[in-house]
Amino acid sequence: MASFAKLCCGKSTSNRKDKGKKTVRWRIFSLKELHSATNNFNYDNKLGEGGFGSVYWGQLWDGSQVHIQCLLQIAVKRLKVWSTKADMEFSVEVEILGRVRHKNLLSLRGYCAEGQERLIVYDYMPNLSLLSHLHGQHSAEYLLDWERRMNIIIGSAEGIAYLHHHAVPHIIHRDIKASNVLLDSEFNAKVADFGFAKLIPDGATHVTTRVKGTLGYLAPEYAMLGKASESCDVYSFGILLLELASGKKPIEKLNPTTKRTIIDWALPLVRQRKFDEVADPKLNGNYVEEELKRVAIVALVCTQNQPEKRPNMLEVVDLLKGESKEKLSDLQNEQIFKEEPLAGFQDGLSSVDDKSDLISEEQDSKEEVKDVAHSA
Ligand SMILES: Nc1ncnc2c1ncn2[C@@H]1O[C@H](COP(=O)(O)OP(=O)(O)O)[C@@H](O)[C@H]1O
Ligand SMILES: [Mg+2]
């Protein structure tokens, strides 16, 4: 708990900031209270699972509004097994969520740290994660029409732009992906899961760190050199854009020995201006052509290998909203959209047993990559 005490001693984690203005409300929960809210962490209450632990639905009486008691739906993330590393992840998430507030970031309700138990309490998001709609239990229901997708795209871009450009100090998320974007009752995006997030000291361009994140979403300079900066999130967000536009997964297994990244699949189509082939077949042609084109181009600009060529998130927001039309047409003339197939680019196919890959899928069955590179 030492690490947590250290992180929480600053004024930034006060649970009532900005007196008179918007208040950031969170509180400490007792384990007993959370047991009773989740029906003893009943299996039937389970909403999802990630690297940290399981997440359960629950409800409790909320007394935070003076004189008003209301039944509040919550989501409780419970650490699987205690370790110093997991404790650090817990502390980082509580510390960071406690200091941010934005309509597109998941709100913290509080936490519980008793003995070796570590739990984080959030607002419940009734439409679960983007992953469940794109590739999971809700994918057959077709709830993500184009309008909702665009709302999620712009909302999550604004949430990340807030972290990069408005939070003090700046925050990089380091695990932007479909399972970490949650959806509220109106399908508004809430970026979640800050366990891997990092605060970037003022003036620093990047931090060198152990690599954490998820295969298929990792920027190359981060995966190989451990260089973490805002542009790593921009890269991951670009992958997420392609996923939302096409309904495809970041890495597709074509057969037992061949895989293809979503970039290798999309780039030739965009170069040939075949935007209709990029669109998710589930949309059945029901999308705004200009918006889809915009999303595909921005996605590929965000996922360029050289971080300095990627736009920042403020530029990404403007481009996606169609507020930088000139810049967008300039981008379409960029080299990546003209080049012939890249060196080593074999019709977008690569072999899964390519041993030169620093990060291999076999490292973790959940495709979570942790600590594969050491800090320099
Ligand atoms: N507030 C919430 N409301 C609804 N579902 C949630 C909520 N938080 C998490 N989940 C579900 O649990 C999964 C794992 O949560 P996450 O915070 O990403 O945990 P981990 O740190 O273990 O990856 C999410 O992908 C989502 O399906
Ligand atoms: Mg997660």
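Predicted model: local features only at pLDDT ≥ 70, side-chain atom pairs only at ≥ 80, totals over all residues.
1. Strand 2 (46-49), strand 3 (53-65), strand 4 (68-79) and strand 6 (117-123) each put at least two residues into the shell around ligand 1. Strand 2 gives the largest share, with three residues.

2. The shell itself: 23 residues surround ligand 1, and Gly48, Gly50, Phe52, Ala75 and Asp193 are the closest. By residue type, the shell around ligand 1 splits into 11 nonpolar, eight polar and four charged.

3. Where does ligand 1 sit relative to the domains? Domain 1 (27-123) and domain 2 (128-337) both give residues to its shell, so ligand 1 lies between them.

4. Now over to helix 10. Residues 289-302 make up this helix, 14 residues in total, and from first C-alpha to last it reaches 20 Å, close to the 20 Å expected at 1.5 Å a residue.

5. Helix 10 is largely enclosed by the rest of the structure, because 11 of its 14 residues are buried. Lys293 and Arg294 are among the buried residues of helix 10, and so are Leu292, Val295 and Cys302. What do the buried residues of helix 10 pack against? Their partners are helix 5 (146-165), helix 7 (230-246), helix 8 (262-271), helix 9 (275-278), helix 11 (313-321) and helix 12 (325-332).

6. Last, a hairpin worth a look on screen. Strand 14 (residues 251-255) and strand 15 (residues 258-261) run antiparallel and are joined by four bridges. Two residues link strand 14 to strand 15 in this hairpin. To find one of the pairings, go to lysine 253: its bridge partner in strand 15 is lysine 259.

Notes
Residues numbered from 1 in each chain as written. Chains lettered and ligands numbered in written order. Near = placed C-beta within 6 Å. Nonpolar A, V, L, I, M, F, W, Y, C, P; charged D, E, K, R; others polar. Domains from an automatic or database assignment. Expected span 1.5 Å × (residues − 1). Buried ≥ 20, exposed ≤ 12 C-beta atoms within 10 Å, placed from the backbone. Contact = placed C-beta atoms within 7 Å. Pairing = 2+ DSSP bridges.
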